[in-house]
Amino acid sequence: MQVIFEKSVKERATAQYPKLDVEAMDLASLTGGVLRENDAEIPELSELDVVRHFKALAKRNVGVDDTFYPLGSCTMKYNPKVNEKAAAMEGFTSLHPYVEFYRAQGTMKLLSHLEELLCGITGMAAFTLHPMAGAHGEWVGMSIIRKYHEVNGGKRNRVLVPDSSHGTNPASAAMAGFIVESVATDSNGEVEIDDLKSKLGDDLAGIMLTNPNTLGVFETKILEIAKMVHGSGGLLYYDGANLNAIMGKCRPGDMGFDVVHLNLHKTFATPHGGGGPGAGPVGVCSKLEQFLPTPRIVKNSEDDSEMPLIWSDDFPQSIGRVSGFYGNVGIAIRAYTYIRILGEAGLRQASEDAVLAANYLRVKIGKLFPVAFDRMCMHEFVVTPGELLKNGIHTLDIAKAMIDRGVHPMTIYFPLIVSEAMMIEPTETESVEELDRFIEIMEDILDVAKNDPELIKTSPHKTVVKRLDEAKAARSAIVTAGFN
Ligand SMILES: Cc1ncc(COP(=O)(O)O)c(C=O)c1O
(Lines give C-alpha, C1' and ligand atoms only; values in the text may rest on other atoms or scores of the structure.)
Protein backbone atom coordinates (compact mmCIF):
# COMPACT_ATOMS: atom_id res chain seq x y z
CA MET A 1 0.00 0.00 0.00
CA GLN A 2 2.74 2.39 1.01
CA VAL A 3 4.80 1.60 -2.11
CA ILE A 4 1.89 2.23 -4.45
CA PHE A 5 1.18 5.49 -2.69
CA GLU A 6 4.76 6.68 -2.97
CA LYS A 7 4.99 5.74 -6.64
CA SER A 8 1.79 7.51 -7.64
CA VAL A 9 2.73 10.65 -5.75
CA LYS A 10 6.13 10.74 -7.43
CA GLU A 11 4.67 10.14 -10.88
CA ARG A 12 2.13 12.87 -10.51
CA ALA A 13 4.59 15.33 -9.06
CA THR A 14 7.00 14.67 -11.92
CA ALA A 15 4.30 15.12 -14.54
CA GLN A 16 2.96 18.28 -12.98
CA TYR A 17 6.18 19.92 -11.90
CA PRO A 18 8.90 18.81 -14.34
CA LYS A 19 11.46 21.01 -12.60
CA LEU A 20 10.87 19.35 -9.23
CA ASP A 21 13.54 17.00 -7.89
CA VAL A 22 11.09 14.23 -7.00
CA GLU A 23 13.79 11.75 -6.07
CA ALA A 24 14.99 14.10 -3.37
CA MET A 25 11.54 14.23 -1.77
CA ASP A 26 11.62 12.48 1.56
CA LEU A 27 8.41 10.46 1.23
CA ALA A 28 9.65 8.01 3.84
CA SER A 29 9.10 10.72 6.43
CA LEU A 30 5.38 10.33 5.77
CA THR A 31 5.42 7.04 7.71
CA GLY A 32 5.27 7.24 11.46
CA GLY A 33 1.51 6.97 11.76
CA VAL A 34 0.69 9.50 9.04
CA LEU A 35 -0.02 6.95 6.30
CA ARG A 36 -3.27 4.97 6.45
CA GLU A 37 -2.76 1.34 7.51
CA ASN A 38 -6.14 0.01 6.38
CA ASP A 39 -8.40 0.92 3.52
CA ALA A 40 -10.79 3.80 4.27
CA GLU A 41 -14.38 2.80 5.01
CA ILE A 42 -16.08 4.39 2.04
CA PRO A 43 -19.71 3.35 1.30
CA GLU A 44 -19.86 0.72 -1.48
CA LEU A 45 -22.16 2.04 -4.19
CA SER A 46 -22.22 1.36 -7.89
CA GLU A 47 -21.80 4.20 -10.35
CA LEU A 48 -25.44 3.71 -11.36
CA ASP A 49 -26.62 4.11 -7.74
CA VAL A 50 -24.69 7.34 -7.44
CA VAL A 51 -25.87 8.69 -10.81
CA ARG A 52 -29.52 7.98 -9.90
CA HIS A 53 -29.12 9.61 -6.50
CA PHE A 54 -27.72 12.83 -7.90
CA LYS A 55 -30.09 12.85 -10.87
CA ALA A 56 -33.04 12.56 -8.46
CA LEU A 57 -31.68 15.46 -6.41
CA ALA A 58 -31.10 17.53 -9.55
CA LYS A 59 -34.67 16.94 -10.78
CA ARG A 60 -36.03 18.43 -7.57
CA ASN A 61 -34.05 21.58 -8.11
CA VAL A 62 -34.81 24.57 -10.30
CA GLY A 63 -32.07 26.81 -11.64
CA VAL A 64 -31.24 29.15 -14.49
CA ASP A 65 -30.44 26.12 -16.66
CA ASP A 66 -34.08 24.99 -16.32
CA THR A 67 -36.18 28.09 -16.72
CA PHE A 68 -36.52 31.89 -16.65
CA TYR A 69 -35.40 33.07 -13.22
CA PRO A 70 -36.03 36.82 -12.79
CA LEU A 71 -34.96 37.06 -9.14
CA GLY A 72 -34.49 40.81 -8.65
CA SER A 73 -31.34 41.97 -6.84
CA CYS A 74 -30.06 38.38 -6.72
CA THR A 75 -29.05 38.47 -10.40
CA MET A 76 -29.47 34.86 -11.43
CA LYS A 77 -27.52 35.16 -14.66
CA TYR A 78 -26.55 32.21 -16.78
CA ASN A 79 -23.26 30.56 -15.74
CA PRO A 80 -21.41 29.67 -18.97
CA LYS A 81 -20.16 26.09 -18.87
CA VAL A 82 -16.68 27.14 -19.91
CA ASN A 83 -16.27 28.63 -16.43
CA GLU A 84 -16.83 25.17 -14.96
CA LYS A 85 -14.36 23.65 -17.37
CA ALA A 86 -11.66 26.12 -16.34
CA ALA A 87 -12.25 25.61 -12.61
CA ALA A 88 -12.18 21.83 -13.08
CA MET A 89 -8.66 21.81 -14.54
CA GLU A 90 -6.47 19.48 -12.54
CA GLY A 91 -3.80 22.05 -11.90
CA PHE A 92 -6.39 23.95 -9.83
CA THR A 93 -8.36 21.12 -8.30
CA SER A 94 -5.35 19.13 -7.13
CA LEU A 95 -3.92 21.99 -5.08
CA HIS A 96 -4.10 21.59 -1.33
CA PRO A 97 -4.55 24.83 0.65
CA TYR A 98 -1.34 24.06 2.57
CA VAL A 99 0.73 23.40 -0.53
CA GLU A 100 4.05 25.26 -0.65
CA PHE A 101 3.81 28.61 -2.48
CA TYR A 102 6.19 27.57 -5.22
CA ARG A 103 3.77 24.82 -6.28
CA ALA A 104 0.78 27.20 -6.46
CA GLN A 105 2.31 29.97 -8.55
CA GLY A 106 -0.15 29.55 -11.43
CA THR A 107 -3.19 29.88 -9.19
CA MET A 108 -1.62 32.76 -7.27
CA LYS A 109 -0.88 34.56 -10.53
CA LEU A 110 -4.51 34.14 -11.58
CA LEU A 111 -5.80 35.43 -8.22
CA SER A 112 -3.44 38.38 -8.34
CA HIS A 113 -4.51 39.21 -11.90
CA LEU A 114 -8.18 38.91 -10.89
CA GLU A 115 -7.55 41.45 -8.12
CA GLU A 116 -6.07 43.80 -10.74
CA LEU A 117 -8.98 43.29 -13.13
CA LEU A 118 -11.51 44.03 -10.37
CA CYS A 119 -9.57 47.19 -9.52
CA GLY A 120 -9.88 48.25 -13.16
CA ILE A 121 -13.61 47.47 -13.32
CA THR A 122 -14.46 49.32 -10.09
CA GLY A 123 -11.83 52.09 -9.96
CA MET A 124 -10.38 50.87 -6.66
CA ALA A 125 -6.68 50.73 -5.67
CA ALA A 126 -6.55 47.22 -4.20
CA PHE A 127 -8.73 44.15 -3.68
CA THR A 128 -8.98 41.16 -1.37
CA LEU A 129 -10.60 37.97 -2.60
CA HIS A 130 -11.06 36.48 0.88
CA PRO A 131 -14.73 37.16 1.72
CA MET A 132 -17.04 34.24 0.95
CA ALA A 133 -20.27 36.13 0.13
CA GLY A 134 -21.65 39.60 -0.40
CA ALA A 135 -22.71 39.88 3.24
CA HIS A 136 -19.28 38.68 4.38
CA GLY A 137 -17.71 41.33 2.15
CA GLU A 138 -19.95 43.98 3.73
CA TRP A 139 -18.75 43.02 7.19
CA VAL A 140 -15.11 43.04 6.02
CA GLY A 141 -15.58 46.44 4.34
CA MET A 142 -17.28 47.95 7.38
CA SER A 143 -14.55 46.53 9.63
CA ILE A 144 -11.99 48.32 7.43
CA ILE A 145 -13.95 51.56 7.81
CA ARG A 146 -14.03 51.07 11.59
CA LYS A 147 -10.27 50.48 11.67
CA TYR A 148 -9.65 53.58 9.53
CA HIS A 149 -11.53 55.77 11.99
CA GLU A 150 -9.83 54.11 14.98
CA VAL A 151 -6.39 54.77 13.51
CA ASN A 152 -7.31 58.34 12.66
CA GLY A 153 -8.58 59.05 16.14
CA GLY A 154 -12.16 59.79 15.11
CA LYS A 155 -14.92 58.74 17.49
CA ARG A 156 -17.26 57.92 14.65
CA ASN A 157 -19.80 55.23 15.40
CA ARG A 158 -22.80 56.05 13.20
CA VAL A 159 -23.50 54.53 9.76
CA LEU A 160 -26.28 55.66 7.43
CA VAL A 161 -28.21 53.16 5.32
CA PRO A 162 -31.07 54.03 2.95
CA ASP A 163 -34.47 52.57 3.82
CA SER A 164 -34.41 50.76 0.44
CA SER A 165 -31.22 48.87 1.30
CA HIS A 166 -30.76 45.12 1.51
CA GLY A 167 -31.15 43.80 5.05
CA THR A 168 -27.56 42.60 5.12
CA ASN A 169 -26.34 46.25 5.01
CA PRO A 170 -27.62 47.35 8.43
CA ALA A 171 -26.83 43.88 9.82
CA SER A 172 -23.19 44.05 8.63
CA ALA A 173 -22.73 47.59 9.93
CA ALA A 174 -24.15 46.57 13.31
CA MET A 175 -21.91 43.46 13.39
CA ALA A 176 -18.92 45.71 12.72
CA GLY A 177 -19.85 47.71 15.81
CA PHE A 178 -21.74 50.69 14.37
CA ILE A 179 -25.05 52.31 15.26
CA VAL A 180 -27.23 52.18 12.15
CA GLU A 181 -29.53 54.99 11.05
CA SER A 182 -31.93 54.92 8.13
CA VAL A 183 -32.12 57.55 5.37
CA ALA A 184 -35.40 58.13 3.53
CA THR A 185 -36.06 57.60 -0.19
CA ASP A 186 -37.52 60.51 -2.21
CA SER A 187 -40.41 60.37 -4.67
CA ASN A 188 -37.99 59.48 -7.53
CA GLY A 189 -36.70 56.41 -5.71
CA GLU A 190 -33.37 58.06 -4.79
CA VAL A 191 -31.75 59.03 -1.49
CA GLU A 192 -33.65 61.97 0.06
CA ILE A 193 -30.93 64.63 0.11
CA ASP A 194 -32.44 66.80 2.86
CA ASP A 195 -32.83 63.80 5.14
CA LEU A 196 -29.21 62.82 4.47
CA LYS A 197 -28.05 66.39 5.20
CA SER A 198 -29.82 66.37 8.55
CA LYS A 199 -28.00 63.17 9.54
CA LEU A 200 -24.41 64.22 8.81
CA GLY A 201 -22.16 65.08 11.74
CA ASP A 202 -18.76 64.58 13.34
CA ASP A 203 -19.79 61.17 14.70
CA LEU A 204 -20.63 59.89 11.20
CA ALA A 205 -18.48 56.92 10.13
CA GLY A 206 -19.98 56.58 6.68
CA ILE A 207 -22.87 55.61 4.43
CA MET A 208 -23.62 52.29 2.70
CA LEU A 209 -25.21 52.67 -0.72
CA THR A 210 -26.22 50.34 -3.51
CA ASN A 211 -26.06 52.05 -6.92
CA PRO A 212 -28.19 51.37 -8.87
CA ASN A 213 -30.26 50.87 -5.75
CA THR A 214 -32.64 48.03 -4.97
CA LEU A 215 -35.46 49.80 -6.81
CA GLY A 216 -33.40 49.53 -9.99
CA VAL A 217 -32.88 53.32 -9.89
CA PHE A 218 -29.51 54.99 -10.45
CA GLU A 219 -28.62 57.52 -7.73
CA THR A 220 -28.16 60.53 -10.00
CA LYS A 221 -26.96 62.75 -7.13
CA ILE A 222 -24.17 60.37 -6.15
CA LEU A 223 -21.37 62.94 -6.63
CA GLU A 224 -23.22 65.42 -4.41
CA ILE A 225 -23.80 62.66 -1.81
CA ALA A 226 -20.11 61.71 -1.85
CA LYS A 227 -19.10 65.34 -1.36
CA MET A 228 -21.48 65.74 1.57
CA VAL A 229 -20.39 62.52 3.34
CA HIS A 230 -16.67 63.08 2.75
CA GLY A 231 -17.11 66.70 3.81
CA SER A 232 -18.34 65.57 7.20
CA GLY A 233 -15.45 63.09 7.58
CA GLY A 234 -17.35 59.91 6.69
CA LEU A 235 -16.54 57.23 4.11
CA LEU A 236 -18.69 55.75 1.34
CA TYR A 237 -19.33 52.02 1.16
CA TYR A 238 -20.57 50.55 -2.15
CA ASP A 239 -22.78 47.46 -2.07
CA GLY A 240 -21.87 45.94 -5.44
CA ALA A 241 -24.83 43.59 -5.70
CA ASN A 242 -26.10 45.59 -8.67
CA LEU A 243 -22.82 46.13 -10.51
CA ASN A 244 -24.22 44.07 -13.38
CA ALA A 245 -26.06 47.22 -14.51
CA ILE A 246 -23.00 49.46 -14.88
CA MET A 247 -19.94 47.37 -15.80
CA GLY A 248 -17.78 49.23 -18.29
CA LYS A 249 -20.10 52.26 -18.14
CA CYS A 250 -19.11 53.86 -14.84
CA ARG A 251 -17.12 52.92 -11.75
CA PRO A 252 -17.87 53.16 -8.03
CA GLY A 253 -14.36 54.57 -7.46
CA ASP A 254 -15.13 57.47 -9.80
CA MET A 255 -18.42 58.08 -8.00
CA GLY A 256 -16.50 58.68 -4.76
CA PHE A 257 -16.83 55.31 -3.04
CA ASP A 258 -14.00 54.30 -0.70
CA VAL A 259 -14.89 50.63 -0.19
CA VAL A 260 -16.65 48.25 -2.57
CA HIS A 261 -17.82 44.67 -2.32
CA LEU A 262 -18.70 42.63 -5.38
CA ASN A 263 -20.86 39.52 -5.47
CA LEU A 264 -18.95 37.41 -8.00
CA HIS A 265 -21.98 35.08 -8.10
CA LYS A 266 -24.23 37.91 -9.27
CA THR A 267 -22.09 39.86 -11.70
CA PHE A 268 -19.39 37.52 -12.94
CA ALA A 269 -21.52 34.48 -13.79
CA THR A 270 -20.47 32.14 -11.02
CA PRO A 271 -22.85 29.77 -9.23
CA HIS A 272 -24.85 30.91 -6.21
CA GLY A 273 -25.36 27.46 -4.80
CA GLY A 274 -28.00 27.13 -2.10
CA GLY A 275 -27.04 30.43 -0.48
CA GLY A 276 -23.39 29.71 -1.31
CA PRO A 277 -20.72 29.04 -2.34
CA GLY A 278 -20.34 32.63 -3.34
CA ALA A 279 -17.60 35.15 -3.17
CA GLY A 280 -17.65 38.77 -2.05
CA PRO A 281 -14.27 40.36 -2.88
CA VAL A 282 -13.70 43.77 -1.32
CA GLY A 283 -11.94 46.67 -3.00
CA VAL A 284 -10.61 49.80 -1.31
CA CYS A 285 -9.17 53.18 -2.24
CA SER A 286 -5.45 53.71 -1.65
CA LYS A 287 -5.72 55.23 1.84
CA LEU A 288 -7.48 52.06 3.08
CA GLU A 289 -5.20 49.51 1.42
CA GLN A 290 -3.13 48.95 4.59
CA PHE A 291 -6.25 47.68 6.40
CA LEU A 292 -7.12 44.89 3.93
CA PRO A 293 -7.32 41.37 5.41
CA THR A 294 -4.30 39.07 5.33
CA PRO A 295 -2.65 37.09 3.90
CA ARG A 296 -2.19 39.12 0.74
CA ILE A 297 -0.47 38.06 -2.47
CA VAL A 298 2.69 40.09 -2.95
CA LYS A 299 5.78 39.94 -5.12
CA ASN A 300 8.59 37.95 -3.52
CA SER A 301 11.27 40.44 -2.52
CA GLU A 302 13.91 37.69 -2.76
CA ASP A 303 13.20 37.54 -6.47
CA ASP A 304 13.33 33.76 -6.57
CA SER A 305 12.38 32.86 -10.15
CA GLU A 306 10.70 29.64 -8.95
CA MET A 307 8.45 31.64 -6.65
CA PRO A 308 7.73 35.19 -7.84
CA LEU A 309 4.58 35.48 -5.68
CA ILE A 310 4.06 34.74 -2.00
CA TRP A 311 1.24 35.07 0.55
CA SER A 312 2.26 37.66 3.12
CA ASP A 313 0.89 38.38 6.60
CA ASP A 314 3.26 41.28 7.00
CA PHE A 315 0.67 44.06 7.16
CA PRO A 316 0.62 45.38 10.74
CA GLN A 317 -2.46 47.59 10.19
CA SER A 318 -4.53 44.81 8.62
CA ILE A 319 -7.90 43.88 10.12
CA GLY A 320 -6.47 40.31 10.11
CA ARG A 321 -7.74 37.04 8.69
CA VAL A 322 -11.35 36.79 7.60
CA SER A 323 -11.35 33.33 6.00
CA GLY A 324 -9.66 30.02 6.66
CA PHE A 325 -7.41 30.07 3.61
CA TYR A 326 -7.58 32.27 0.51
CA GLY A 327 -11.30 32.81 -0.14
CA ASN A 328 -13.43 30.78 -2.48
CA VAL A 329 -10.74 30.08 -5.05
CA GLY A 330 -12.91 27.88 -7.31
CA ILE A 331 -15.39 30.73 -7.68
CA ALA A 332 -12.58 33.22 -8.33
CA ILE A 333 -11.32 31.02 -11.20
CA ARG A 334 -14.80 30.97 -12.77
CA ALA A 335 -15.14 34.77 -12.48
CA TYR A 336 -11.66 35.22 -13.96
CA THR A 337 -12.60 33.03 -16.91
CA TYR A 338 -15.78 35.03 -17.49
CA ILE A 339 -14.00 38.40 -17.35
CA ARG A 340 -11.16 37.28 -19.64
CA ILE A 341 -13.52 35.80 -22.22
CA LEU A 342 -15.83 38.81 -22.36
CA GLY A 343 -13.13 41.47 -22.14
CA GLU A 344 -13.90 45.13 -21.59
CA ALA A 345 -16.31 45.47 -24.51
CA GLY A 346 -18.12 42.25 -23.62
CA LEU A 347 -18.66 43.28 -20.01
CA ARG A 348 -20.02 46.62 -21.14
CA GLN A 349 -22.38 44.90 -23.54
CA ALA A 350 -23.56 42.53 -20.82
CA SER A 351 -24.59 45.54 -18.71
CA GLU A 352 -26.21 47.30 -21.66
CA ASP A 353 -28.19 44.19 -22.57
CA ALA A 354 -29.26 43.67 -18.94
CA VAL A 355 -30.58 47.23 -18.78
CA LEU A 356 -32.27 46.91 -22.18
CA ALA A 357 -34.01 43.65 -21.19
CA ALA A 358 -35.20 45.18 -17.90
CA ASN A 359 -36.63 48.25 -19.63
CA TYR A 360 -38.34 46.10 -22.29
CA LEU A 361 -40.10 44.20 -19.51
CA ARG A 362 -40.79 47.35 -17.47
CA VAL A 363 -42.68 48.93 -20.34
CA LYS A 364 -44.65 45.76 -21.27
CA ILE A 365 -45.31 44.47 -17.74
CA GLY A 366 -46.04 48.04 -16.64
CA LYS A 367 -49.20 47.83 -18.79
CA LEU A 368 -50.36 44.93 -16.58
CA PHE A 369 -49.08 45.78 -13.10
CA PRO A 370 -48.26 49.24 -11.67
CA VAL A 371 -44.52 50.01 -11.62
CA ALA A 372 -43.19 51.59 -8.43
CA PHE A 373 -41.07 54.64 -9.32
CA ASP A 374 -41.90 54.35 -13.01
CA ARG A 375 -38.91 55.85 -14.78
CA MET A 376 -36.11 54.51 -16.94
CA CYS A 377 -34.77 51.66 -14.85
CA MET A 378 -31.39 50.01 -14.73
CA HIS A 379 -31.17 46.20 -14.50
CA GLU A 380 -34.35 45.64 -12.48
CA PHE A 381 -37.68 47.23 -11.58
CA VAL A 382 -40.44 46.79 -9.02
CA VAL A 383 -44.15 46.24 -9.69
CA THR A 384 -47.12 45.63 -7.38
CA PRO A 385 -50.41 43.69 -7.77
CA GLY A 386 -52.34 47.02 -8.04
CA GLU A 387 -56.10 46.53 -8.54
CA LEU A 388 -55.79 42.79 -7.86
CA LEU A 389 -55.39 43.54 -4.15
CA LYS A 390 -59.11 44.43 -4.17
CA ASN A 391 -59.82 40.82 -5.23
CA GLY A 392 -57.74 39.65 -2.28
CA ILE A 393 -54.84 38.67 -4.52
CA HIS A 394 -51.42 39.36 -3.10
CA THR A 395 -47.85 39.22 -4.34
CA LEU A 396 -47.38 35.75 -2.84
CA ASP A 397 -50.37 34.41 -4.88
CA ILE A 398 -48.91 35.79 -8.12
CA ALA A 399 -45.52 34.26 -7.30
CA LYS A 400 -47.12 30.85 -6.69
CA ALA A 401 -49.10 31.11 -9.93
CA MET A 402 -45.83 31.68 -11.77
CA ILE A 403 -44.50 28.35 -10.47
CA ASP A 404 -47.47 26.57 -12.08
CA ARG A 405 -46.53 28.23 -15.37
CA GLY A 406 -42.94 27.00 -15.22
CA VAL A 407 -41.20 30.23 -14.26
CA HIS A 408 -39.19 30.85 -11.10
CA PRO A 409 -40.87 33.73 -9.22
CA MET A 410 -39.23 37.12 -8.99
CA THR A 411 -38.02 38.50 -5.64
CA ILE A 412 -41.06 39.28 -3.52
CA TYR A 413 -41.78 41.64 -0.61
CA PHE A 414 -38.45 43.39 -1.15
CA PRO A 415 -37.45 46.22 -1.09
CA LEU A 416 -39.41 46.82 2.10
CA ILE A 417 -40.38 50.39 1.22
CA VAL A 418 -42.72 49.17 -1.56
CA SER A 419 -45.76 47.41 -0.18
CA GLU A 420 -46.40 44.05 -1.95
CA ALA A 421 -43.20 44.47 -3.99
CA MET A 422 -42.39 42.18 -6.92
CA MET A 423 -38.85 42.85 -8.09
CA ILE A 424 -38.06 41.64 -11.61
CA GLU A 425 -34.55 41.27 -13.03
CA PRO A 426 -34.34 39.44 -16.36
CA THR A 427 -30.51 39.72 -16.86
CA GLU A 428 -28.75 40.00 -20.22
CA THR A 429 -28.80 36.39 -21.27
CA GLU A 430 -32.53 35.92 -22.05
CA SER A 431 -33.73 36.08 -25.64
CA VAL A 432 -36.52 38.45 -26.62
CA GLU A 433 -38.69 35.36 -27.31
CA GLU A 434 -38.20 34.26 -23.69
CA LEU A 435 -39.03 37.74 -22.42
CA ASP A 436 -42.21 37.71 -24.54
CA ARG A 437 -43.11 34.28 -23.14
CA PHE A 438 -42.77 35.73 -19.64
CA ILE A 439 -45.01 38.68 -20.57
CA GLU A 440 -47.64 36.21 -21.85
CA ILE A 441 -47.43 34.32 -18.56
CA MET A 442 -48.01 37.52 -16.60
CA GLU A 443 -50.94 38.41 -18.90
CA ASP A 444 -52.43 34.98 -18.27
CA ILE A 445 -52.03 35.32 -14.48
CA LEU A 446 -53.69 38.75 -14.58
CA ASP A 447 -56.55 37.40 -16.70
CA VAL A 448 -57.21 34.40 -14.45
CA ALA A 449 -56.84 36.57 -11.33
CA LYS A 450 -59.61 38.86 -12.59
CA ASN A 451 -61.98 36.11 -13.72
CA ASP A 452 -61.30 33.26 -11.31
CA PRO A 453 -59.34 34.69 -8.36
CA GLU A 454 -59.65 31.48 -6.30
CA LEU A 455 -57.54 29.65 -8.87
CA ILE A 456 -54.67 32.06 -8.27
CA LYS A 457 -55.17 32.22 -4.50
CA THR A 458 -54.86 28.44 -4.25
CA SER A 459 -51.90 28.02 -6.57
CA PRO A 460 -49.56 26.27 -7.07
CA HIS A 461 -51.60 23.33 -8.39
CA LYS A 462 -48.94 21.47 -10.34
CA THR A 463 -46.17 21.04 -7.78
CA VAL A 464 -45.44 18.05 -5.56
CA VAL A 465 -46.06 20.16 -2.47
CA LYS A 466 -48.62 22.96 -2.47
CA ARG A 467 -48.53 25.99 -0.14
CA LEU A 468 -46.00 25.55 2.60
CA ASP A 469 -46.16 26.81 6.13
CA GLU A 470 -43.07 28.90 5.48
CA ALA A 471 -42.68 30.13 9.05
CA LYS A 472 -42.75 26.55 10.32
CA ALA A 473 -40.39 25.40 7.57
CA ALA A 474 -37.91 28.11 8.56
CA ARG A 475 -38.20 27.48 12.30
CA SER A 476 -38.30 23.67 12.28
CA ALA A 477 -36.33 22.78 9.18
CA ILE A 478 -35.72 19.06 8.66
CA VAL A 479 -32.34 18.98 7.05
CA THR A 480 -31.48 15.29 7.36
CA ALA A 481 -34.34 13.66 5.44
CA GLY A 482 -33.26 11.05 2.88
CA PHE A 483 -34.41 10.91 -0.72
CA ASN A 484 -36.08 7.92 -2.32
C1 LIG B 1 -28.44 44.52 -2.61
C2 LIG B 1 -27.83 43.33 -1.94
N3 LIG B 1 -26.82 43.50 -1.07
C4 LIG B 1 -26.23 42.45 -0.46
C5 LIG B 1 -26.64 41.15 -0.68
C6 LIG B 1 -25.97 40.03 0.07
O7 LIG B 1 -25.20 39.25 -0.78
P8 LIG B 1 -24.90 37.69 -0.53
O9 LIG B 1 -26.19 36.98 -0.76
O10 LIG B 1 -23.85 37.36 -1.50
O11 LIG B 1 -24.46 37.56 0.90
C12 LIG B 1 -27.69 40.92 -1.57
C13 LIG B 1 -28.16 39.54 -1.81
O14 LIG B 1 -29.09 39.23 -2.45
C15 LIG B 1 -28.29 42.02 -2.22
O16 LIG B 1 -29.30 41.85 -3.09
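Mentor: Ala 126 stands opposite Val 284 in strand 7. Strand 1 and strand 7 (residues 282–284) are antiparallel, with three bridges between them. This is a predicted model, where local features need pLDDT of at least 70, side-chain atom pairs count only at pLDDT 80 or more, and totals for chains, interfaces and linings use all residues. Residues are numbered from 1 along each chain as its sequence is written, and side-chain values use heavy atoms, without hydrogens or water.

Trainee: What makes strand 1 and strand 7 a pair?

Mentor: Two strands pair if DSSP finds at least two bridges between them. Strand 1 and strand 7 have three. They pass. Strands themselves are DSSP runs (E, at least two residues), helices are H or I runs of at least four, and both are numbered from the N terminus.

Trainee: In what order do the seven strands lie in the sheet?

Mentor: The order is 1-7-6-5-4-2-3, in an open sheet with mixed pairing.

Trainee: What makes strand 1 (126–128) and strand 3 (179–183) edge strands?

Mentor: Each pairs on one side only. From one strand to the next, the twist averages 20°.

Trainee: Which partners show the pairing around strand 6?

Mentor: Val 259 of strand 6 is the bridge partner of Tyr 237. Strand 5 and strand 6 run parallel, joined by four bridges. On the other pairing, His 261 has Val 282 of strand 7 as its bridge partner. Strand 6 and strand 7 run antiparallel, with three bridges.

Trainee: Which way do the residues of strand 6 point?

Mentor: Val 259 and His 261 point one way, Val 260 and Leu 262 the other, and all are buried. In a regular strand, side chains alternate between the two faces of the sheet.

Trainee: Why is Ser 73 called buried?

Mentor: Its relative accessibility is 6%. Buried means under 20% relative accessible area, exposed over 50%, and partly exposed in between (1.4 Å probe, protein chains only). So Ser 73 counts as buried. Ser 73 sits in the loop between helix 2 (47–59) and helix 3 (81–87).

Trainee: Why does Gly 248 get the label partly exposed?

Mentor: Its relative accessible area is 41%, so Gly 248 is partly exposed. Its place is the loop between strand 5 (235–240) and helix 10 (252–255).

Trainee: Why is helix 6 called oblique to helix 7?

Mentor: Helix 6 (residues 134–151) and helix 7 (residues 168–175) pack at about 40°, with axes 8 Å apart. Under 35 degrees is roughly parallel, over 145 roughly antiparallel, 65 to 115 roughly perpendicular, and the rest oblique. Therefore helix 6 is oblique to helix 7. Trp 139 of helix 6 and Ser 172 of helix 7 are among the contact residues. The contact divides into five nonpolar, three polar and one charged.

Trainee: What makes helix 12 roughly parallel to helix 14?

Mentor: Helix 12 (residues 329–365) and helix 14 (residues 432–451) pack at about 25°, with axes 11 Å apart. That angle makes helix 12 roughly parallel to helix 14. Residues that meet include Leu 361 in helix 12 and Phe 438 in helix 14. This contact has nine nonpolar, no polar and two charged residues. Nonpolar means Ala, Val, Leu, Ile, Met, Phe, Trp, Tyr, Cys and Pro; charged means Asp, Glu, Lys and Arg; the others, Gly among them, are polar.

Conventions: Axes fitted to C-alpha atoms, helices over the stretch in contact; angles between N-to-C directions. Contact = heavy atoms within 4.5 Å.
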